[in-house]
Amino acid sequence: MNCDVLVIGAGVMGLSSAYHLKRLNPGKRVVLIERLGGPGQGSTAKSGGGFRNLLTSGTNRLLSEATIDWLNHLQWETEHDIGLHNTSYLYLLGESQHNRQKPLFKEMGEAGVELKTYSPEELKGLIPDLVTDFTGDEDAEMMGLEPIEVGVQGIRCGTVNTDALARCWEALFLGLGGVVQYNTSADRLILGAERELGLPGEPFVWQGPVVKGAETSRGEITAETTVVAAGVWSETLLDPIGFDSMTRPKKRCMFVFNDPRLERLLHAKGFNDEGILPFTQLPDAGVYIKADVSEGSIWVGVTEDLGRGYGLEDDPQPELETYTDNAYHALVKYLPCFEGVRPVNMWAGQRAVNRFDKIPVVEGMPGLIYVGGATGNGIMKCDSLGRIVAAHYAGEEEAELYGGRRVRVSDISVKDRRVEKERF
Ligand SMILES: Cc1cc2nc3c(=O)[nH]c(=O)nc-3n(C[C@H](O)[C@H](O)[C@H](O)COP(=O)(O)OP(=O)(O)OC[C@H]3O[C@@H](n4cnc5c(N)ncnc54)[C@H](O)[C@@H]3O)c2cc1C
């Protein structure tokens, strides 16, 4: 097969890239291949689907805010239903965490991020199941758990259904005449020479190397430009040609609960118009909590970072003990309603972690564009990244994000990177 642009990977990044490439180049043949049987079945399917603009880095915030606007546009101004809920985010913080993060919240507030704070008494009124004070609880003291000093709410934040989002991207791409081929795995990138001489062994060191497509499980696909958007698996394609993805895979587990004892928590009123619990972060317990109203369930993501090794897994498996023997002990101190409640479902996914600055990467070489490294934030930045890939393809200096905001394409490259580190 021959095409103008080959996109490898139908997660949110590949789908968004394919859509914007086709939108801006309607005459070009854009082909998206995916080794699995449908869209968004890799890390995208494992995600919590949360989006937030609580970020300290200006570039990072720009990528998120423009994508949040796009997601809201899709949900409220088109016929697509991506299961978006503007639930907000809520950070429940003890004194020392609050002291550490207070300057960051101040900075974000000054940059226009809409925040609201709650005292422990106000939080108790809104979340009756929450324990904010551990006076007399020797276990909690022994564990070093801090009483909750403050709740900080990010207003322009919420969640989407990532499966619905992936299907929406696919429909948008197909609607423009894009081609999608599932159950097709790219086995390796084809590296050729810029000016081929037809000699065996090309490209030689004295020739300029160019990526010319990929060998796939269904035969060779040659392309003028190949976009690698294979998530944590990108390195398996990029490493062999000496192109560094700058990210490393790390596993994260998610647990789902569906129990009448959690009903009141799920429907915590007063934080948003929908009367549901915000996407709630309890850093001291090493968890975050998502209310999934469509299923009437509560998701608990375990955020342990240290002690969790890096490493690519083809099919990462959840570890129940990460919850039962680990996060559970602190979680029940803050939210005793979880006591004795067992998860009804669980899974694990991998995040493409950029340890250096936690900001995504769009980088190229002749014939190749790589997009990735969203460090657990890919859903909330997917539209902006797809637009940057399309601008990179067009050789534009700047990409126009949704809503008209502009970003310099090279700012999130590796070679000419110009970003502030994300500190939140
Ligand atoms: C537990 C967990 C919770 C998360 N929570 C959030 C959150 O709340 N908010 C947020 O914004 N982000 C979150 N993330 C991160 C988010 O899921 C990712 O940033 C995002 O899904 C990455 O999208 P992607 O398209 O780069 O990767 P993927 O979705 O993994 O897509 C890559 C695709 O490429 C395919 N592929 C790989 N190799 C090949 C090949 N050789 N040939 C063909 N196809 C190939 C894969 O099958 C896959 O479908 C979370 C991640 C995890 C694991």
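Q: Which residue is the bridge partner of Y89 in β13?
A: In this predicted model, Y89 has F279 as its bridge partner in β13.

Q: What makes β4 and β13 a pair of strands, and how do they run?
A: Pairing needs at least two bridges between the strands. Strand β4 (residues 89-94) and strand β13 (residues 279-282) are joined by 3 bridges, so they count as paired, and they run parallel.

Q: Why is β4 also said to pair with β6, and in which direction do the two run?
A: There are 6 bridges between β4 and β6, against a requirement of at least two, so this is a pair as well. The two strands run antiparallel. L90 stands opposite Q153 in β6, and Y91 has V152 as its bridge partner there.

Q: What makes β5 a partner of β6?
A: Strand β5 (residues 115-118) is joined to β6 by 4 bridges. At least two are needed, so β5 and β6 pair; they run antiparallel. In this pair, L115 stands opposite G154 of β6.

Q: Why is β4 called largely enclosed by the rest of the structure?
A: A residue is buried if 20 or more other C-beta atoms lie within 10 Å of its own. In β4, 5 of the 6 residues are buried, and therefore the strand is largely enclosed.

Q: Why is β6 described as mostly covered?
A: By that cut-off of 20 or more C-beta atoms within 10 Å, 5 of the 7 residues of β6 (residues 148-154) are buried, so the strand is mostly covered.

Q: What makes domain 1 and domain 2 touch?
A: Contact requires C-beta atoms within 7 Å. On that basis 13 residues of domain 1 are in contact with 17 residues of domain 2. The side of domain 1 that touches domain 2 divides into 3 nonpolar, 6 polar and 4 charged residues. The centres of the two domains, taken over C-alpha atoms, are separated by 32 Å.

Q: From which domains does the shell around the ligand draw at least three residues?
A: Domain 1 (2-75 + 162-247 + 356-412) and domain 2 (89-155 + 250-350) each give at least three residues to the shell.

Q: Which residues come nearest the ligand, and which elements give two or more residues to its shell?
A: Of the 40 residues around the ligand, G9, G11, G42, G231 and G378 come nearest. The elements giving two or more residues are α1 (12-24), α2 (43-46), β12 (248-257) and β16 (345-353).

Q: How do the residues of this shell divide by type?
A: The shell has 15 nonpolar, 20 polar and 5 charged residues.

Notes: Residues are numbered from 1 along each chain as its sequence is written. This is a predicted model: local features need pLDDT of at least 70, side-chain atom pairs count only at pLDDT 80 or more; totals for chains, interfaces and linings use all residues. A residue is near a molecule or strand if its C-beta atom, placed from the backbone, lies within 6 Å of it. Ala, Val, Leu, Ile, Met, Phe, Trp, Tyr, Cys and Pro count as nonpolar, Asp, Glu, Lys and Arg as charged, and the others, Gly among them, as polar. Domain bounds come from an automatic or database domain assignment. A residue is buried if 20 or more other C-beta atoms lie within 10 Å of its own, exposed if 12 or fewer, and partly exposed in between; C-beta atoms are placed from the backbone. Two residues are in contact if their C-beta atoms, placed from the backbone, lie within 7 Å.
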